[in-house]
Amino acid sequence: MTGDHRKVIRIRTVSILVMALATMDIEPVDAQGTAISSRDHVHQTETATETTESATSQPTFYLRVGASLDLPSTTRFGDRNCLSTSPAALYGCGTGGDGIARGTRGDFGMAGGVEVGLGYFVTPGLRLETSISYRPSFAFEGTANFLQTDTLQTVSADLQSASGTVAAYMDFIAHGPFSVFAGAGAGLHYVDISEFLMTFPRTQTIVPDGRRVDFSAMLAAGVATSLSDRISLDLAWRYVNWGIVETGRATGQVVWKDGSREPLELDLAETWAMLRGQGLRASLRYAF
């Protein structure tokens, strides 16, 4: 074999090797690093996406349905203006036979109610809630202190009320199956008072019905426990200032029990009392 022929063979062999290398999927070191980095970036992005999706799946809102039982609370009815003559003040100025300003002292009785609330989780430990509540029936029982302190002077009335409240609750660290929470809120309260009767030995005074909307404030503290992934049971003790209860400015009557006289009509001014109370509230919360 001649030298020229061997040279041609070597050239062809090198050409074949170059073409083979060119067709192989071999990446330079820098390219490999870039590919690995890209794969790591994709993995991190997928992990972050999974984390975001997991956080997004956490409940944002909740629905609360509950019942309340408020204990009896002491109060006092008095004239809005004891000097009023037209319309006439019911009690008038001065003191009664017991040395206390004229009026009626007594208690709002135990009151049951129902509540519905819609809440929003601002953070895992903070939630905002708007709720409405209704107390269909409770009573007032008291005693007036006109000068005839040794005679019958009982006073009674029927009431119903409804309120709307916006509140904020803080959920604290759990202790075993229970977590502690506290909250505060404010809103509007509507109260209706009727059948306001003042009973004396020979007569009954019928005081005009009244309706009023006033501001209210609430404080609460309690414990919660999970019944399932979505449902929690809340037990709370709360204090509420519902504002003022007020009888109407209208015509009342004095009625003689034995019917010996025709009823006497009275143009009466308003009387008022503070309505405050505390009691237990039990609720179920459904998170969604």
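Modeller: Two cysteine sulfur atoms are taken as a disulfide when they lie within 2.5 Å of each other. The model is predicted, and by that rule the count comes to one disulfide. The pair is Cys82 and Cys93, with an S to S distance of 2.0 Å, which is within the 2.5 Å cut-off. In general, such a link is a covalent bond between the sulfur atoms of two cysteines.

The torsion about the S-S bond of Cys82 and Cys93 is about 85 degrees, so this disulfide is right-handed. Cys82 and Cys93 both sit in the loop between strand E2 (73–79) and strand E3 (104–108), so the pair ties together parts that are eleven residues apart in sequence. Cys82 has a relative accessibility of 33% and therefore counts as partly exposed.

Next, Asn145. This residue is placed in the loop between strand E5 (126–144) and strand E6 (154–175). Asn145 counts as buried because its relative accessibility is 7%, and the limit for that class is under 20%. The side chain of Asn145 makes a polar contact with the side chain of Asp98 at 3.0 Å. The Asn145 side chain also reaches the backbone oxygen of Ile100, again at 3.0 Å. Setting aside residues up to four places away in sequence, Asn145 touches Gly96, Gly97, Asp98, Ile100, Ala101, Arg102, Gly103 and Gln153.

The remaining site is Thr225, in strand E9, residues 210–226. Thr225 has a relative accessible area of 16%, so it is buried. A polar atom of the Thr225 side chain lies 3.0 Å from the backbone oxygen of Pro177. Leaving out neighbours within four places in sequence, Thr225 is in contact with Pro177, Phe178, Ser232 and Leu233. His175 and Thr225 are separated by 50 residues in sequence, and their C-alpha atoms are 9.9 Å apart in space.

To go back to the disulfide: Cys82 and Cys93 are the cysteines it joins, and the Cys82–Cys93 torsion of about 85 degrees is why it is called right-handed.

Note on methods
Residues numbered from 1 in each chain as written. Predicted model: local features only at pLDDT ≥ 70, side-chain atom pairs only at ≥ 80, totals over all residues. Heavy atoms only, no water. Helix = DSSP H or I, 4+ residues; strand = E, 2+ residues; numbered from the N terminus. Buried < 20%, exposed > 50% of the residue type's maximum accessible area, 1.4 Å probe, protein only. Polar contact = N/O pair within 3.5 Å; in protein donor to acceptor, adjacent residues only side chain to side chain. Contact = heavy atoms within 4.5 Å.
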